[in-house]
Amino acid sequence: MEGPALAPSLKNIAPQQEYLLQGSILDAHTDALLHRLRGLCDNAESSFETFNDYEAVYMLRNSSTTQQSQYVLFRVRHALDDPDAPDHIRYLGQAEMGDRSRPTLVRACLDVACSSNVREFLTEMGFRMDHDYVAKGIFFHKGRMKVLVYKIYRLIQPGSTDQKNLEQLGSSHLVELSVVAPLGQEQIGEDMKTFAEQLKPLVMLEKFDHRRLQ
C-alpha cells in the first residue's frame, strides 16, 4: 500500500516544541470571552477564523513491554468546512512537567500536511483508532500566540460526522493558548503567562499534566 504523501519532507523539519495553557469557560459566558479576545488580539474584528474539524486519534502499543503506558499516538485532523484542504497528522510528545518554574506546559510537536489515505496507512502500520471527535470553534492570533475557543462533540457512531451523529460534551467551551516554536525559546512562556493574566477572571488558563487523566 502506498504511504501518505507528507509535505514537507520529515527530514527537513526542525525540532519544534508546543507551549500550552488550557482552561474552560461555561457556555453562558463564552460571548464575554470572545468580546475580550477581539479587543486583545491582532486585527481580531477581521482576522479571527472559525473551524469545524474531525480528529481521529490512532494508537500503537509497544508489544515488547508489559508497561501499559508504552504507546505512540498520532492525531489525524480533517477540516469538515474545507473538504479540499489536506489532512494533517500530528505527533505530540510527553509533557515536560519537571521544571515547576516554567509557566506553561512544554512538549515536542510535529505537524505536517498529508494525503487523504493517511488513516489507511496508519492502520496498515499496526495503529488502531483509539477515539475520535469533532471540534467546532473560533481561533485568534496575538503575535505568534494562537487562542482557540471551541466545543467538543462526541460521535455516537465512530467515524460518522453527520450532524445528527454529534453529541456535545458538557456545558463548557475549552480554551487553549499555544505557541509552536523551535527549541530553546523560553521567553515564549512568560509572554503567554502575561497574556493569560489579561483573560482573568473570565477564564483561568493553566498547565495541566495530562498523564494524570490517563
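User: Is F74 buried, partly exposed or exposed?
Analyst: This is a predicted model. Buried requires under 20% relative accessible area, and exposed requires over 50%. F74 has 22% relative accessibility, so F74 falls in between and counts as partly exposed.

User: Which residue forms an aromatic pair with F74, and with what geometry?
Analyst: The whole structure holds four aromatic pairs. In one of them, the ring centres of F74 and its partner lie 5.4 Å apart, with 65° between the planes. Planes over 60 degrees apart count as edge-to-face. The partner is F127, and the geometry is edge-to-face.

User: Where do F74 and F127 sit, and how many residues apart are they?
Analyst: F74 belongs to strand β3, residues 71-79. F127 is in the loop between α3 (118-124) and β6. The pair therefore links distant parts of the chain, and the separation is 53 residues.

User: Is F127 buried or exposed?
Analyst: The cut-off for buried is under 20% relative accessible area. F127 has 5% relative accessibility, so F127 counts as buried.

User: Which residues form one aromatic cluster, and which lysine lies over the face of F139?
Analyst: The cluster is made of F51, F139 and Y150. A lysine lies over the face of F139, at 5.5 Å from the ring centre. That lysine is K146.

User: What lies over the face of Y153?
Analyst: A charge counts as over a ring if, among other conditions, NZ of Lys is within 6 Å of the ring centre. Here the distance from the ring centre of Y153 is 5.0 Å. The residue is K136.

User: Which residues have the most contacts inside the largest nonpolar core?
Analyst: The largest nonpolar core has 25 residues. A second, separate core has 14 residues, including A56, I89, V112 and V134. In the largest core, the residues with the most contacts are L37, L177 and F195.

User: What is F195 in contact with, leaving aside its neighbours within four places in sequence?
Analyst: F195 is one of the residues with the most contacts inside the largest core. Contact means heavy atoms within 4.5 Å. On that basis, F195 is in contact with L37, L40, C41, K142, M145, V147 and L177.

User: How many disulfides does a search of the whole structure find?
Analyst: A disulfide is a covalent bond between the sulfur atoms of two cysteines. C109 is buried, with a relative accessible area of 7%. C114 is buried too, at 5% relative accessibility. The number of disulfides found is zero.

User: Where is P201, and is the peptide bond from K200 to P201 cis or trans?
Analyst: P201 lies in the segment after α4. Most peptide bonds are trans. For the bond from K200 to P201, omega is near 0°. That bond is cis.

User: How far apart are the C-alpha atoms of D82 and D53?
Analyst: D82 is in the loop between β3 and β4 (87-92). Its relative accessible area is 36%, so D82 is partly exposed. D82 and D53 are 29 residues apart along the chain. Their C-alpha atoms are separated by 9.1 Å.

User: What share of the residues in the protein is buried?
Analyst: The protein has four helices and nine strands. There are 214 residues in the protein. Buried residues make up 37%.

Key:
Residues are numbered from 1 along each chain as its sequence is written. This is a predicted model: local features need pLDDT of at least 70, side-chain atom pairs count only at pLDDT 80 or more; totals for chains, interfaces and linings use all residues. Side-chain values use heavy atoms; hydrogens and water are left out. A nonpolar core is a set of buried Ala, Val, Leu, Ile, Met, Phe, Trp, Tyr and Cys residues joined through side-chain atoms within 4.5 Å. Buried means under 20% relative accessible area, exposed over 50%, partly exposed in between (1.4 Å probe, protein chains only). Helices (H or I, at least four residues) and strands (E, at least two) are DSSP runs, numbered from the N terminus. A disulfide is a pair of cysteine sulfur atoms within 2.5 Å. Rings of Phe, Tyr and Trp (its six-membered ring) pair if their centres lie within 6.5 Å; planes under 30 degrees apart count as stacked, over 60 as edge-to-face and the rest as tilted. A charge sits over a ring if NZ of Lys or CZ of Arg is within 6 Å of the ring centre and within 35 degrees of the ring normal.
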